[in-house]
Amino acid sequence: MAFNIYYYESKVDCNNCKKNFTTYKVRPGRFKVVTQDTDFMPIYEGLNPMLYEVAVCPNCGYAFHKSLTRTYGPFMLLIREMYISQLQKPMNICKERTIDEAIASFKLVYLVARASMEESLIMANFAMKIAWLYRIKEDKESEMHYLRSARELYTKSFASNKEGEERLQYLNAELSLRLGDIEEAKRGFSRLIAGREVSNKYKNYARKRWEDYKYSNEEVKNEEIKKEEE
Ligand SMILES: [Zn+2]
């Protein structure tokens with residue numbers, strides 16, 4: 001096969017059907033994180049490696065992501081019964097992917113995670129990534145749908161440490177703001193800003209986000225007043 005300057009082929013042994021396949025991954029030199037959105041969506045320069053995070057077996061349709069934990073023994077039986085047996089023809093999305101194919105790959109791994117009853121936090125992160133891909137696609141309605149699912153799953157999630165706990169609190173406030181649930185967002189950000197035990201990192205994130213929101217909201221209001229006066 002010709003050398004591809006953008007991708008390399010990662011070899012995968014399918015955990016379900018045991019066949020081998022290769023799937024594209026973005027070469028490390030082909031992307032750079034330049035900044036992040038307020039809900040931690042990484043903004044890349046160059047290619048977007050998120051499109052290739054999920055490996056999907058072209059033989060049986062099993063979908064795999066590195067964050068999955070229940071991928072053995074009895075869980076594989078559940079995955080076979082609840083996911084594999086329900087699949088139509090498996091997709092072949094092992095080469096260059098469109099945004100829609102990347103969205104499909106995360107929806108498949110979401111179904112795998114649901115079948116094996118993975119923790120809410122893992123499911124929530126998948127819902128977030130689906131929402132981010134819709135954001136890139138500029139499909140606002142679908143983005144909001146998945147942000148709502150993510151928020152619901154995050155409220156059922158438990159973090160394993162203090163930093164993770166603060167991240168969950170922040171995300172709950174942030175997603176509430178994006179979903180237009182302003183009261184809940186305000187409560188969440190205030191708790192982080194005023195909390196004695198809260199780290200400076202999340203205090204600052206919360207303060208900046210809430211101030212930016214209030215400021216841009218006032219701008220909009222002033223614009224409206226100006227228009228009415230004219
Ligand atoms: Zn397979």
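Start by selecting Cys 14. Cys 14 is buried, at a relative accessible area of 3%. Keep in mind that this is a predicted model.

**The zinc ion**

Show the zinc ion next. Which residues are its protein donors? They are Cys 14, Cys 17, Cys 57 and Cys 60.

Turn the view to see the angles. Those among the four donor atoms run from 104 to 116°, and the site is tetrahedral. For comparison, the ideal angle for four tetrahedral donors is 109.5 degrees.

**Two helices**

Select residues 162-178, which form helix H5, and residues 182-194, which form helix H6. The two axes come within 7 Å and cross at roughly 150°. H5 is therefore roughly antiparallel to H6, as angles over 145 degrees count that way. The crossing of H5 past H6 is left-handed.

Show the side chains at the contact. From H5, pick residues including Glu 166, Gln 169, Tyr 170 and Ala 173.

**Last stop: Glu 166**

Zoom in on Glu 166, in helix H5. Is Glu 166 buried or exposed? Glu 166 is buried, with a relative accessible area of 6%. Leave aside neighbours within four places in sequence, and Glu 166 is in contact with Leu 192, Glu 197, Val 198, Ser 199 and Tyr 202.

Notes
Residues numbered from 1 in each chain as written. Predicted model: local features only at pLDDT ≥ 70, side-chain atom pairs only at ≥ 80, totals over all residues. Heavy atoms only, no water. Donors = N, O, S within 2.8 Å, 3.2 Å for Na, K, Ca; no water. Tetrahedral: all angles 85-135°; square planar, octahedral: opposite > 155°, others 65-115°. Buried < 20%, exposed > 50% of the residue type's maximum accessible area, 1.4 Å probe, protein only. Axes fitted to C-alpha atoms, helices over the stretch in contact; angles between N-to-C directions. Helix = DSSP H or I, 4+ residues; strand = E, 2+ residues; numbered from the N terminus. Parallel < 35°, antiparallel > 145°, perpendicular 65-115°, else oblique. Left-handed = near helix turned anticlockwise from the far one by under 90°. Contact = heavy atoms within 4.5 Å.
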